[in-house]
Amino acid sequence: MSERFVYLDHAATTYVRKEVLEAMLPYFTEKYGNASTIYSIGRESKKAIEEAREKVALALGADVKEIFFTGSGTEADNWVIKGVAYANRQKGNHIITSSIEHHAVLHTCQYLESEGFEVTYLPVDKDGLVSPEDVRKAIRPETILISIMFANNEIGTIQPIGEIGAIAREKGVYFHTDAVQAVGNVPIDVNKMNIDLLSLSGHKFYGPKGIGALYIRKGVKITNFMHGGAQERGRRASTENVPAIVGLGKAIEIATKNMDEYNRKLIALRDRTIDELFRRIPHIRLNGHREKRLPGNVNISFEYIEGESLLLMLDMKGIAASSGSACTSGSLDPSHVLLAIGLSHETAHGSLRLTFGEENTMEDVDYLLETLPPIVERLRAMSPLYEKVKEGV
Amino acid sequence: MYSEKVMDHFMNPRNVGEIENADGVGEVGNAKCGDIMKMYLKIDNGVIVDAKFKTFGCGAAVATSSMATEMIKGKTVEEALKITNKAVAEALDGLPPVKMHCSVLAEEAIKSAIADYMKNRGISLDNDGGDCNACSRRCEDVHEQFDEDSA
Ligand SMILES: Cc1ncc(COP(=O)(O)O)c(C=O)c1O
Ligand SMILES: [Zn+2]
């Protein structure tokens, strides 16, 4: 196998940063107190949780009282959508979202449809952008929630969140954004952007997995998620995962502080990769908006080949990446996001997502640029679809 | 997720390519479902003397194409028609349950190529191998079938 390992799947998850791990470790062993107790090690845990909460609040421009820790990004999405829906049932039963949301949002909305709610799934344009005007037109008197993701996990497109937020505010409808992919990559200010609710997840910005947070603007009506003790002010009961909360706090603090430099670096890696792949490989297409995209995201469809084969061959060369092909999703349909931006099934099957992160270098890009074109060539030579193209020209 | 044998046949596929003036050619699957397989056969006196393939598809699709061509070489047409997708998968030391649908294509590609050969010769078959299920079946049906099988 390959001696080299190049990880290009940071949108799937990141490693835990060394400083983050170090901050977490004492809370597994010597500082193990339950934060609800009154003796010293309990108070220490409580203090650590509140410090982490301040760091999250600071990163979002929110108040500490508006931050609630959850078990994951998925949990934050479930809580916010079900919680707002159930708490505002008397007002209405209509939710607006987009067709390219993460399954944590889409499947929750589909569940609510089975409970009698109505959901509008807004389309996106060829670059994956939601139109703020479409949002405005979809609002009805009975609309209780608008949920549009900040940045897409597959194609990296960044939505006009500020504009959508302004419309939601003007119309008096709660606005939620799944910012799991955006936090640490894009500056966020919940007040300037009129965001009422926001989900985030620790493992996308060098924090631990299995910890997330939900921002809930003061005054927003939402049901409690976990019924039990008084943790998270009774809204999300259960003994706090102190090391994970501490880790998330440390990670978001570092990510916010380093954002400019981090972005500059990732954009350089991303842009060189896109430009060079287009120069070296024919019949490819960039998925997602060319500029309004996450700094580390490259998503390209290679016509006439299938994504899983591509991933397996890259893996043999030590490159870890991902794809929207059906054969990698366990279902027979390719990614709903790629279909929503208008790709044919064939083209969607041949997609490759490369997401850069902190430890990547230009040498990694060089290695990718050396490795990928021959693999594409080899798979195309094997493809009955490519044969027809060659005959055609 | 894949056995070593699957990975071997994926990384070093046997019999990739085309056969000029093939006696039978079959193409099955569709790009909508993610896998397309095209098989070429050279048949001499009712015996498959050479087989080649081209595949658009995942690791399982490539590996089953490769294994299927290996299995039918040297066999009579009648023997080749008896090869099932399960036999191909077993020869590869198994496939993950979600990938069994990909192995159906290998079986169907053999049948489709042989049907083409028969048609070219004006021979008719009682069990009409040319009526390729994988081509007409919708993706969802194939999926459901294997969900049931693996349940
Ligand atoms: C946009 C988006 N939302 C939600 C999630 C789910 O987050 P978690 O893995 O923490 O449940 C992810 C991560 O895969 C994501 O990318
Ligand atoms: Zn397949």
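Predicted model: local features only at pLDDT ≥ 70, side-chain atom pairs only at ≥ 80, totals over all residues.

Visitor: What makes a residue count as buried here?

Guide: Its relative accessible area must be under 20%. Over 50% is exposed, and the range in between is partly exposed.

Visitor: What elements make up chain B?

Guide: Chain B has seven helices and three strands. From the N terminus, the order is α-β-β-β-α-α-α-α-α-α. Among contacts in chain B with a separation of 6 or more, 63% join residues 24 or more positions apart.

Visitor: How do you know which residues of chain A and chain B are in contact?

Guide: Heavy atoms within 4.5 Å make a contact. On that rule, 25 residues of chain A are in contact with 34 residues of chain B. The two chains bury about 2,300 Å² between them. Carbon and sulfur atoms carry 65% of that area.

Visitor: Why is the pair A:Glu308 and B:Lys99 called a salt bridge?

Guide: The closest N and O atoms of A:Glu308 and B:Lys99 are 2.5 Å apart. The cut-off is 4 Å, between a Lys or Arg side-chain nitrogen and an Asp or Glu carboxyl oxygen. The pair therefore qualifies. Polar contacts between chain A and chain B come to seven residue pairs, both residues at pLDDT 80 or more.

Visitor: Which helices of chain A each supply at least two residues to the side that touches chain B?

Guide: They are α9 (307–316), α12 (345–349), α13 (362–381) and α14 (384–392). Helix α9(A) gives the most, with five residues. By class, that side of chain A holds 12 nonpolar, six polar and seven charged residues.

Visitor: How do you know that the span of α13(A) is close to the expected value?

Guide: Helix α13(A) has 20 residues. At 1.5 Å a residue, 28 Å is expected. From first C-alpha to last, α13(A) reaches 29 Å. Its buried residues include A:Tyr367, A:Leu368, A:Leu369, A:Pro373 and A:Arg380.

Visitor: How many salt bridges are there over all chains?

Guide: The count is 32. One of them joins A:Glu75 and A:Arg236, at 2.7 Å from N to O.

Visitor: Why does the pair A:Glu75 and A:Arg236 tie together parts that are apart in sequence?

Guide: A:Glu75 lies in helix α3 (residues 73–87), and A:Arg236 in the loop between β8 (212–216) and α7 (242–257), so the pair links parts 161 residues apart. A:Glu75 has 12% relative accessibility, so it is buried. A:Arg236 has 13%, so it is buried too.

Visitor: What makes A:Lys250 and A:Glu253 a salt bridge?

Guide: Their N to O distance is 3.7 Å. The limit is 4 Å, so the pair passes. A:Lys250 and A:Glu253 are three residues apart in helix α7 of chain A, so about one helical turn separates them. A:Lys250 is at 26%, which makes it partly exposed. A:Glu253 is at 32% and is also partly exposed.

Visitor: Why are A:Arg270 and A:Asp271 put in separate accessibility classes?

Guide: The buried cut-off is under 20%. A:Arg270 is at 5%, so it is buried. A:Asp271 is at 21%, so it is partly exposed. The two side chains meet in a salt bridge at 2.9 Å, N to O. Elsewhere, salt bridges with shared partners join A:Lys46, A:Glu50, A:Arg53 and A:Glu232 into one network.

Visitor: Why is A:Thr355 called buried?

Guide: Its relative accessible area is 5%, and the cut-off is under 20%. A:Thr355 sits in strand β12 (residues 351–355) of chain A. Its side chain reaches the backbone nitrogen of A:Ala11 at 2.9 Å. Beyond neighbours within four places in sequence, its contacts include A:Leu8, A:His10, A:Gly296 and A:Asn360.

Visitor: What makes A:Leu21 partly exposed?

Guide: A:Leu21 has a relative accessible area of 40%. A:Leu21 belongs to helix α1 (residues 18–24) of chain A. A:Leu21 and A:Ala244 are 223 residues apart in sequence, with their C-alpha atoms 9.4 Å apart.

How values were computed
Residues numbered from 1 in each chain as written. Chains lettered and ligands numbered in written order. Heavy atoms only, no water. Buried area = accessible area lost by both parts, 1.4 Å probe. Polar contact = N/O pair within 3.5 Å; in protein donor to acceptor, adjacent residues only side chain to side chain. Helix = DSSP H or I, 4+ residues; strand = E, 2+ residues; numbered from the N terminus. Nonpolar A, V, L, I, M, F, W, Y, C, P; charged D, E, K, R; others polar. Expected span 1.5 Å × (residues − 1). Buried < 20%, exposed > 50% of the residue type's maximum accessible area, 1.4 Å probe, protein only.
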